[in-house]
Amino acid sequence: MHEWDHETDFLVIGSGGGLVGALRAAALGMDVLVAEKSEMIGGSTGMSGGVIWLPDNPLMARDGASDSLAEATAYFDSVVGSADESGPASSEARRRTYLTAGNEMYSFLESEGVPFLRIDGYSDYYAGVRGVVGGKARSRSVEASAFDAKQLGQWARRLRPPVAGNMTMYTGEAAYVSNLFTRKGASVMSRVMARTVLGRLRGKKNLTNGAALIGYLLKALLDRGVPVWPETALVELIVEDGEVRGAVVDRDGTSVRVRARAGVLISAGGFSRNGVMRDEFAGGQPGRPEWTSANPGDTGEALQIAMKHGAATDMMDEAWWLPSWLMPDGVPSMCISERSKPHSIMVDAKGNRYFNEAIAYQEAGQRMFEHERTVGGALPTWLIIDSRHRSRYVFGFAPPGRTPKDWITSGAMKKADTLESLAAACGIDPAGLIATVDRFNSFARSGVDEDFHRGEGDHEKYQGDITHKPNACLGEVAKAPFYAVPMIPGTSAPTVACSATRMPACCQTMADRSSASTPPATALRR
């Protein structure tokens with residue numbers, strides 16, 4: 001028997017993706033409590049792009065974009081491999097559940113006041129890639145519409161800033177905006193600016209990306225009267241007879257014993273910022289906590305507590321890897337579309353290309369680690385661009401043609417008049433770099449990357465420059481001055497949690513892909 005300080009039906013640890021679980025429980029008539037370790041609400045989800053991959057979703061049907069469960073299943077199998085090869089973490093049942101329950105979640109969230117829009121053109125990451133079937137070029141992805149944070153009153157200050165900053169820009173618009181000097185890019189940027197200015201004139205504080213999704217979820221919970229406790233960390237789970245009865249949390253320095261009659265949902269992130277856990281579970285991958293873009297609270301304590309009580313885990317050496325470079329202040333800046341644009345190339349210390357620079361970010365990180373383990377010289381991998389890239393495309397948040405001086409003076413970005421001089425500044429073998437660039441430039445002229453097929457996939461084209469011919473992602477690296485930034489495999493701020501591997505006596509866990517930054521949702525229940 002225990003003396004309880006607080007009682008509820010359903011306790012949710014973490015305020016990122018776990019808010020969906022909290023809202024669903026509240027809609028089913030349960031008393032719900034949300035406990036968040038940080039002073040801010042939203043976790044890594046609130047810092048992310050907020051894109052949700054939903055095959056055959058209602059918005060696709062509305063827009064006349066055909067899809068089916070069979071096509072989505074074929075795409076899943078083609079990219080991930082067969083369920084037999086993947087093991088219990090990605091079983092046939094789990095895949096089917098993901099592909100079908102996603103639209104149920106969509107309909108539920110829409111009924112709770114979360115409006116979505118479809119990102120037309122934001123293709124599946126592997127659509128059009130050789131050997132992949134079932135991918136969709138027109139996009140299966142959705143994101144939340146802009147949210148006016150003023151609807152939250154005093155709670156608005158608890159939301160993490162959106163990826164887009166002060167601009168009311170959707171994640172699906174970012175790739176177009178990076179091509180400012182194209183007709184499409186200029187049109188989208190004009191729309192973004194008009195939306196931003198109009199919102200301000202109307203007295204709104206509009207948020208987009210993952211911040212918008214969290215804003216809608218938090219408002220829906222507050223409207224239902226669900227208490228949310230920020231600055232409340234999980235200390236321990238209370239287990240009796242092999243069943244989780246509740247938890248001990250630290251609320252403002254006070255220990256509070258919370259009884260959870262129906263269960264506890266742990267959706268508290270991974271361990272991007274925990275160097276000890278990364279060393280223990282990351283399989284020898286030499287990543288560093290300071291490379292991550294995940295939220296500051298992504299330190300792994302909740303996962304350690306769940307594991308102590310038998311929670312099953314899998315793929316602890318994986319994450320949403322994201323090639324990044326360190327700004328002059330040491331903050332990592334994610335690098336997505338820059339890698340896909342013409343007039344860019346990525347090489348190791350010997351000056352060699354070793355993968356398709358425009359592939360999806362999580363695979364790019366995997367390739368960097370693999371090359372470092374097997375060959376060496378991949379940490380860092382150098383992203384090299386010429387003056388045409390710098391004059392035509394956005395880099396980070398720097399507009400075309402305007403490179404901040406401190407990027408160069410700090411050494412965060414190298415600049416030189418010749419490739420040989422750039423190689424010397426970066427510690428790259430100059431002969432290797434010259435030979436690689438010569439070969440690469442011949443591919444750029446023909447439009448066909450004979451080594452790594454860059455620019456063939458639909459998402460690669462979307463992130464590239466569709467006005468550039470004959471290949472949206474290939475352009476010669478030939479016009480001085482040249483620039484280079486050292487790329488490292490950072491981790492992103494993800495939006496989804498994955499599923500379980502086994503059922504111990506005391507708990508069911510959903511801790512798949514939990515290392516480095518993907519938030520596990522661990523359901524501990526009777």
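In which sense, left-handed or right-handed, does α1 pass α6? In this predicted model, α1 passes α6 in a left-handed crossing. The two helices involved are α1, covering residues 18–27, and α6, covering residues 92–111. Their axes come within 11 Å and cross at roughly 70 degrees. Angles of 65 to 115 degrees count as roughly perpendicular, and α1 and α6 are therefore described in that way. On the α1 side the contact is made by V20, L23, R24 and A27, and these residues meet M105, F108 and L109 of α6.

Attention now turns to the strands. Strand β1 (residues 6–13) and β2 run parallel and are joined by four bridges. Strand β2 itself spans residues 32–35 and is covered on both faces. V32 and V34 lie on one side, L33 and A35 lie on the other, and all are buried. In a regular strand, side chains alternate between the two faces of the sheet.

Five of the five residues in β15 (residues 381–385) are buried, and the strand is mostly covered. T381, L383 and I385 point one way, whereas W382 and I384 point the other way. Two strands pair with β15. With β14 (residues 344–347), β15 pairs in the antiparallel sense over four bridges, and V347 stands opposite W382 of β15. With β17 (residues 482–491), β15 also pairs in the antiparallel sense, over five bridges. In that pairing, M487 of β17 is the bridge partner of T381.

An open sheet is made of three strands in the order β3-β5-β4, with antiparallel pairing. Its edge strands are β3 (52–53) and β4, each of which pairs on one side only. Two bridges join β3 to β5, and these strands run antiparallel. Within that pairing, V142 of β5 is the bridge partner of I52. Helix α9 (residues 209–223) lies across β3, β4 and β5, and runs at about 65 degrees to β5.

Charged side chains complete the picture. A search of the whole structure finds 29 salt bridges. One of them joins K136 to E71, with the closest N and O atoms 2.9 Å apart. This pair links distant parts of the chain, since K136 sits in the loop between β4 (116–118) and β5 (141–144), while E71 belongs to helix α4 (residues 69–80), 65 residues apart. How covered are the two partners? K136 counts as buried because its relative accessibility is 13%, under the 20% limit for that class. E71, at 30% relative accessibility, counts as partly exposed.

Another salt bridge is found within a helix. The side chains of E363 and R367 meet at 2.6 Å, N to O. Both residues lie in helix α13 (residues 361–374), four residues apart, which is about one turn of the helix. E363 is buried, with a relative accessible area of 14%, whereas R367 is partly exposed, with a relative accessible area of 30%.

A salt bridge is also formed by R388 and D386, whose side chains meet at 2.9 Å, N to O. D386 is buried, its relative accessible area being 0%. Beyond such individual pairs, salt bridges that share partners join E7, D9, D31, R259 and R261 into one network.

Methods
Residues are numbered from 1 along each chain as its sequence is written. This is a predicted model: local features need pLDDT of at least 70, side-chain atom pairs count only at pLDDT 80 or more; totals for chains, interfaces and linings use all residues. Side-chain values use heavy atoms; hydrogens and water are left out. Buried means under 20% relative accessible area, exposed over 50%, partly exposed in between (1.4 Å probe, protein chains only). Two strands pair if DSSP finds at least two bridges between them. A salt bridge is a side-chain nitrogen of Lys or Arg within 4 Å of a carboxyl oxygen of Asp or Glu. Contact means heavy atoms within 4.5 Å. Axes are lines fitted to C-alpha atoms, for helices over the stretch in contact, and angles run from 0 to 180 degrees between N-to-C directions. Angles under 35 degrees count as roughly parallel, over 145 as roughly antiparallel, 65 to 115 as roughly perpendicular and the rest as oblique. A crossing is left-handed if the near helix is turned anticlockwise from the far one by less than a right angle, and right-handed if clockwise.
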